[in-house]
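Visitor: I am new here, so please take me through one part slowly. I would like a close look at cavities and pockets.

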Amino acid sequence: MSDVLVKIRNLSASFSSVTVLKNINLEIPSRKVVAFIGPSGCGKSTFLRCLNRMHEEVPGADIQGQIFLEGQNIYEKHIDPVLVRRKVGMVFQKPNPFPGLSIFDNVAVGLKLMGVKKRVLYERVEDSLKQAALWGEVKNILKRQGTSLSGGQQQRLCIARALAINPSVVLMDEPTSALDPISTARIENLIRRLKEKVTVIIVTHNMQQASRISDKTAFLLSGELVEYEKTSKIFTNPSEVRTESYITGRFG
Amino acid sequence: MSSEKELSLDNGAVIYSYSLRDRWRKWCNYFMLGCLFLLSLIAAIPFLFIVYYVLAKGISSVNWDFFTQLPKPPGEEGGGMSNALIGSLVVVGMASLVGIPWGMGMGVYLSEYRATRTAKALRFVVDLLISAPSIVIGIFIYGFIVVRYGFSSYAGSAALLLIMLPVVAKGTEEILKMVPNHIREAGLALGIPRWKVIVRIIIPSVLSMCVTVIMLAIARIAGETAPLLFTALGNQYHIRDLSEPIATLPVQIYEFSKSGFEQMEKQAWAGAMVLVLFVFFINFFTRMFLFFYKKDKIKPFQKGK
Ligand SMILES: Nc1ncnc2c1ncn2[C@@H]1O[C@H](COP(=O)(O)OP(=O)(O)O)[C@@H](O)[C@H]1O
Ligand SMILES: [Mg+2]
C-alpha cells in the first residue's frame with residue numbers, strides 16, 4: 001500500500017529573488033514517515049513551508065512549480081491556503097503552544113474556529129491528546145495553561161493541536177532539537193505510531209533520528225535534492241558520493 | 001600584591017580575584033543605587049503631598065449630598081455635583097465606547113500590517129495626535145463641531161475620543177509587537193484565517209496588558225479639563241439631551257475653584273478628591289485584575305525549556 005499522497009513537480013522557491021530551492025521533484029507515499037536531512041541553510045524548512053503554503057507568508061517570498069496533494073495542485077489559483085493548511089498540519093522546531101490558552105483550548109481552538117460542535121469537541125480533544133501520547137499526563141489538568149507544561153510535553157501538545165483538525169500530512173521541522181533525550185525518545189515513538197493514520201514529513205539534523213524513525217529519507221544540499229531513497233539504502237549504500245560524505249560526517 | 005585576594009588552581013590559573021578596582025566598582029554601584037533611591041523618594045514626595053492635600057481639603061464636603069444633589073447657587077451652603085459626576089460618566093463613557101474598539105482596531109492594523117504604506121501613514125498620524133497638547137485638540141473640535149452645532153456632550157466626547165484613540169492604538173500596537181511571530185505562524189498553520197488568529201489567539205494571549213492600556217486611557221481622559229472647556233462647556237443642571245452643553249467634573253472643579261465663594265471652593269475640593277480617588281481606583285483595580293488574572297492565566301512568552 002504505497003499510493004502517492006504528495007507529488008512535487010519542479011518546485012523552486014526564493015526569498016526576495018534569492019533562490020533557495022531548485023527544481024525539486026519527488027513523491028511522498030501515504031502513511032509513511034519521510035525524513036529530510038541536510039546541512040543547515042540547505043532549504044529544509046523552506047521546503048516544508050512550501051507544502052502547507054506558509055512560505056508565501058514571508059514578505060518577498062516566491063514559489064514556482066506544482067505540489068499535488070491527493071491529486072489536487074495546492075498552488076492552483078482558486079485554492080484557499082487556509083484550507084490547504086487544514087489538510088497539512090505543522091509542528092515547529094520550538095514548542096509554541098498558544099500563550100494564555102489552557103491545555104484543552106490549545107487543542108480545541110482550531111476545531112472551535114472551524115465550527116466543530118461543542119458536543120463532539122471534548123471527544124476530539126481527548127482523542128488527539130491520546131494520539132499525541134499526552135492524555136495520561138494532562139487529563140486532570142486540562143484547564144491549566146499550555147505554556148505551564150515542560151518542553152517535551154509542550155511539543156506533544158503542539159502535535160495534538162496539529163492532529164486535532166484531522167490532517168492527512170503532518171510536517172515536523174526539527175521537532176526534537178529543543179528537547180532532552182527522554183522527551184526526544186517519546187516523540188520518536190509517537191511518530192512511529194502516527195503513520196498508521198497520517199503521513200509524517202520530518203526535517204531533522206539528527207541522522208540517527210532519521211534512520212530510527214523514517215521509511216524514506218531525502219538528502220538536500222544547497223537547495224537541491226541530491227538523493228531520495230529508502231532510509232535503509234541511504235544509510236547503508238547511498239548512490240551519491242555527496243550523500244555518503246554527509247552521512248559519514250565529512251561535511252555539514 | 002597585598003591588596004589583592006586571589007584564588008588560584010594548582011595549575012596557577014586565577015579563578016577569583018578581588019582587587020582594589022573591583023572593590024571600587026562595588027562601592028560605585030552602591031552609591032549610584034543610593035542616588036536613584038533618593039531621587040525616586042524626592043519625586044514621590046510632591047505626589048504624596050498632593051494626595052494628602054486634596055484629601056484633607058475635600059473630605060469635609062464629600063457626603064451623600066455631594067453625589068446626589070445639584071450645585072446650590074453661589075453663597076448657599078450644601079449642594080453637590082451630581083450633574084458633573086453623571087456628565088463625566090456620559091462624556092467619558094461615550095468616548096470610551098467608540099474609542100476602545102476603534103483604537104484597538106488601529107493598533108491591530110499598525111502591528112499586524114506594519115509594513116504597508118497605510119500603516120506607515122497611520123502611525124505618523126497617531127504619533128502626531130499623541131503628542132498634540134490636549135487644548136489644541138479642544139480648539140480643533142471647537143472649530144469643526146462647536147462653531148456649527150454648538151456646545152454639546154457630543155463635542156466633549158469627540159475631543160476626549162481624539163485624545164484616547166492614539167493612546168489606545170499605540171498601546172495596543174506595542175503590546176501586539178511583543179507577541180513573537182511564531183505564535184502567529186502556529187495559528188496560520190492550523191488553517192485559521194489571519195484575522196481570526198489575531199482576534200481569537202493573539203489578543204486573548206495579551207488581554208491583561210490590553211486591559212491595562214484601556215484603563216490608563218480612561219483614567220487619562222477622565223481628568224482632562226482644557227479640551228472640555230470649549231466643547232462640553234458646562235451645565236448647572238442634569239442634561240436632558242446629549243446635544244446640550246454638559247457638566248463634567250474637571251471643568252466644574254475649575255469653574256468652582258475660581259468662583260471666589262468659599263462654599264463653592266469647598267465643593268471644588270470635594271470634586272478634586274473624588275476625581276483623584278476615581279483615577280486611583282482605576283489603577284488599583286487594574287493592578288488587582290492583572291495580579292489575579294496573571295496568577296493563573298498569563299505566562300507571557302516565557303522561553304521554552
Ligand atoms: N525569512 C527569510 N528571508 C530571507 N532568507 C531566508 C529566510 N528564511 C530562510 N532564508 C534563507 O533560505 C535558505 C534556506 O533556509 P532554511 O529553509 O531555513 O534552511 P534549513 O531549514 O535547511 O536550515 C538559507 O540560506 C536562509 O538564509
Ligand atoms: Mg530549518
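Guide: Let's begin with the residue classes: Ala, Val, Leu, Ile, Met, Phe, Trp, Tyr, Cys and Pro count as nonpolar, Asp, Glu, Lys and Arg as charged, and the others, Gly among them, as polar. By these classes, the lining of the largest cavity has nine nonpolar, no polar and no charged residues. This is a predicted model, in which local features need pLDDT of at least 70, side-chain atom pairs count only at pLDDT 80 or more, and totals for chains, interfaces and linings use all residues. Residues are numbered from 1 along each chain as its sequence is written, chains are lettered from A and ligands numbered from 1 in the order written, and side-chain values use heavy atoms, without hydrogens and water.

On a 1 Å grid over the protein atoms alone, a cavity is a set of points where a 1.4 Å probe fits but cannot get out; a pocket is an open set with protein on both sides within 12 Å along at least five of seven lines, and lining residues have an atom within 4 Å of a point. Points are joined across faces, edges and corners, and a volume is the space filled by probe spheres set on them. There are four cavities of 30 Å³ or more.

The largest cavity, of about 50 Å³, is lined by A:Val6, A:Leu51, A:Ile67, A:Leu69, A:Ile74, A:Val88, A:Val169, A:Leu171 and A:Ile201.

Now for the pockets. The largest has a volume of about 390 Å³. Of its 17 lining residues, A:Glu57, A:Pro59, B:Glu112, B:Asn181 and B:Arg194 lie nearest the centre. Helix α7(B) gives the largest share of this lining, four residues. Seven nonpolar, three polar and seven charged residues make up the lining.

The second largest pocket, about 330 Å³, has 19 lining residues, with B:Asn235, B:Gln236, B:Gln252, B:Phe256 and B:Met264 closest to its centre. Helix α11 (residues 249-257) of chain B gives the most here, four residues. This lining has 10 nonpolar, seven polar and two charged residues.

Note on methods
Helix = DSSP H or I, 4+ residues; strand = E, 2+ residues; numbered from the N terminus.
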